[in-house]
Amino acid sequence: MTTEIRIGGGGGFWGDSPEGARQIVERGNVDYLVMDYLAEITMSILARMKAKSPALGYAPDFVSKVMKPLVGDIAAKGIKVVTNAGGVNVDACRDALAEVVAEAGVDLKIAVVRGDDISAMADELRREGTTEMFSGAAMPAKLTSVNAYLGAAAIARALHEGADVVITGRVVDSATVLGPLMHEFGWAAGDHDKLSAGSLAGHLLECGPQVTGGIFTDWRDVPGWDDVGFPVAICRPDGSFELTKSEGTGGLVTPMTVAEQLCYEVGDPAAYVLPDVICDWSNVSIEQVGADRVRVTGAKGRAPTDQLKVSATYPDGYRSSVTMMIAGRDAAAKASATGDAILKRVGRLLAREGYEPFTETHVEVLGSESNYGVDPTRSPAREVILKIAVRHPDKGALEIFGGEIYPAACAMAQGITGFAGGRPAPQPVIRLFSLLVDKARVPMSIDLGAGEIAVAHDPGARTAPSSRPSTPPEDEGDQLPAGARVTVPLIAIAHGRSGDKGNKANIGILARAPEYLPWISAGVTSERVAQWLGHFVKGDISRFDWPGLCGFNFLLDDALGGGGVASLRHDPQGKALAQILLDMPVEVPAGWVAPGGPLADFSKEAHVA
């Protein structure tokens, strides 16, 4: 049996730099290159592409910008490739890649994974009364795409059958790594701890350099952004792995860069539900074992459920947005007044032309700390960006909106300039509808060119994932030592990382040192987070212990204004939420900010509690 496999993550989304894959192939010394292209909303975009042409519906960058220039090196080095670039048309992606392979004169066996597209089942599911798994809403009458999240079994089988390249549609992101590990190490359906560990490796690789210093809280510590290293996982049969990056590259790999990314897009760390396993990552250990190299151990797993999560998308009208700069004294107040005046003017014109009012409007004054919930009229900023966004079921209403932006430069506040992108054009609003479907109803297969081969799911069991409640009860600080206290920004004692799933967001808060954890526990409760982020979060907030990472994970419901392209916010994916929360004041012992104390650098920001 193979004793070590090196897997490189060459891209984290459709639009990521192709230099990541080149770096992994040329400098990563890897056995596998894996690439993730699919966000939830990407599927609807690809479905529209396929409707226009049967040769479209996949991520063309994978073929033209990754494989075409690298296929010779990939073949010569024996690197196997696993990707979800097939989108909603894996066959078209395979055919396009086959042409590239033939032109290069190399021999690569290409496999596709089928089964995730269950759009033919939509009417049946609707008749059965299927509802949205989080909100309970009824299934929309028209769906753009309906794709089940498949697991890793089909990928492993394709590799077993001799595939050099495996192209999938919708699979869970981590499956592109778990599949190769199942194949190489012979892991079976019941090896839950190993499946959880392999899924964890995939989770850490799936967003590329986000685990090697990208978007790190302590950004000044990260060198070489211009050539940031993409991640490489060195995996072993027992499930342990080490994480590093391509040699001679920028970036940083430490326990904390890895821990931050481990938090990304996770809810309960003890019940991360995947098709192949329910993962318990609550006691994962991350240890520095060399320069830019950490060892990750301690993942646990248990049997999966008998259902698959399904991501469906549906159209919900149109949206339009515009940005402009406003400068001068009282810039933020002028911007706020300008936004209100434009919407009032357009509202009057809509009524005159017989249109209903906008379904939703949103005004942000960027640069005035509006994302922190600050009233723009109180901002001292002398230059800001005004963003106005609107939503309506009719394109015609948005065309009226687009025609009434430029007149503000002559009719409203002095200092308006920098209209970005010209007159705004209406864009379709696509919303996410998540549901569950029994695995038994979703046939899965692979095709290497000689006919389909059926692949079985792990049937799982009809059991709840046993998600824990929010930490009961949350510590209110009664056990903290007495003495003088001051407040400092949370960033003084913690790291943070936020992520999104649909209209939910999560924020991982990790103590910089174990002695800080009780103070974080007492000062960063669900109630305080709700108060600090109340201008964004409209649903419940749950807090989960994360003892292995010395921190907590917060799950925020109804937090992103719809999320993705359904949201009118400038930050529809919650990328800034951790940074905003890290500015929340928390109490600490006064001695910590005294000269020689661990937080002396924050003495000027400290205030008596």
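**Figure 1. A buried salt bridge between Glu260 and Arg497.** In this predicted model, both Glu260 and Arg497 are buried. The two residues form a salt bridge with each other, and their closest N and O atoms are 2.8 Å apart. The pair links distant parts of the chain, since Glu260 belongs to helix 9 (residues 255-263) and Arg497 to strand 22, 237 residues apart. Elsewhere, salt bridges that share partners join Glu4, Arg236, Glu242, Glu287, Arg293 and Arg295 into one network. A search of the whole structure finds 31 salt bridges.

Figure 2. Strand 22 (residues 494-501) is largely enclosed by the rest of the structure, because seven of its eight residues are buried. Strand 22 runs antiparallel to strand 23 (residues 504-511), and eight bridges join the two. Within this pairing, Ala494 stands opposite Ala511 of strand 23. The two strands form a hairpin with two residues between them. In the turn, Gly502 has a positive phi of about 65°. Strands of a sheet pair through backbone hydrogen bonds, either parallel or antiparallel.

**Figure 3. A salt bridge between Arg512 and Asp218.** The closest N and O atoms of the salt bridge formed by Arg512 and Asp218 are 2.8 Å apart. Arg512 lies in the loop between strand 23 and helix 13 (517-523), while Asp218 lies in the loop between helix 8 (192-205) and strand 7 (231-235), so the pair ties together parts that are 294 residues apart in sequence. Is Asp218 buried or exposed? Asp218 is buried, because its relative accessible area of 18% falls under the limit of 20%. Arg512 is partly exposed, with a relative accessible area of 30%.

Figure 4. Glu452 forms a salt bridge with Arg114, and the closest N and O atoms are 2.8 Å apart. The pair links distant parts of the chain: Glu452 is in strand 20 (residues 452-455) and Arg114 is in strand 4 (residues 110-114), 338 residues apart. Glu452 is exposed, with a relative accessible area of 52%, whereas Arg114 is buried at 18%.

**Figure 5. Trp281 in the largest nonpolar core.** The largest nonpolar core has 79 residues. Which residues have the most contacts inside this core? They are Leu200, Val258, Leu262, Trp281 and Ile286. Not counting residues up to four places away in sequence, Trp281 touches Ser196, Ser199, Leu200, His203, Leu262, Val266, Pro269, Ala270, Tyr272, Ala299 and Trp546. Apart from this core lies another one, of 41 residues, among them Ile520, Val529, Trp592 and Ala606. In soluble globular proteins, nonpolar side chains tend to be buried together.

**Figure 6. The surroundings of Ser174.** Ser174 is found in the loop that lies between strand 6 (165-167) and helix 7 (175-185). This serine is buried, with a relative accessible area of 4%. Which residues are in contact with Ser174, leaving aside its neighbours within four places in sequence? They are Ser199, Gly202, His203, Glu206 and Leu274.

**Figure 7. Leu555 and its contacts.** Leu555 has its place in strand 25 (residues 551-556). At 24% relative accessibility, Leu555 counts as partly exposed. The C-alpha atoms of Leu555 and Ile507 are separated by 6.7 Å, and the two residues are 48 residues apart along the chain. Leaving aside its neighbours within four places in sequence, Leu555 is in contact with Gly267, Ala505, Asn506, Asp540, Ile541, Ser542 and Phe544.

Figure 8. Val486 stands opposite Val588 in strand 26.

**Figure 9. A nonpolar patch on the surface.** Met133, Phe134 and Leu436 form this nonpolar patch. Together the three residues have about 260 Å² of accessible area. Leu436 has its place in strand 18 (residues 427-438). Leu436 is partly exposed, with a relative accessible area of 38%.

Conventions:
Residues are numbered from 1 along each chain as its sequence is written. This is a predicted model: local features need pLDDT of at least 70, side-chain atom pairs count only at pLDDT 80 or more; totals for chains, interfaces and linings use all residues. Side-chain values use heavy atoms; hydrogens and water are left out. Patches are made of residues with over 30% relative accessible area and no salt bridge: like charges are joined within 9 Å, nonpolar side chains (Val, Leu, Ile, Met, Phe, Trp, Tyr) within 5 Å. Accessible areas come from the Shrake-Rupley method with a 1.4 Å probe; for residues, only the protein chains shown count as cover. A salt bridge is a side-chain nitrogen of Lys or Arg within 4 Å of a carboxyl oxygen of Asp or Glu. Helices (H or I, at least four residues) and strands (E, at least two) are DSSP runs, numbered from the N terminus. Buried means under 20% relative accessible area, exposed over 50%, partly exposed in between (1.4 Å probe, protein chains only). Two strands pair if DSSP finds at least two bridges between them. A nonpolar core is a set of buried Ala, Val, Leu, Ile, Met, Phe, Trp, Tyr and Cys residues joined through side-chain atoms within 4.5 Å. Contact means heavy atoms within 4.5 Å.
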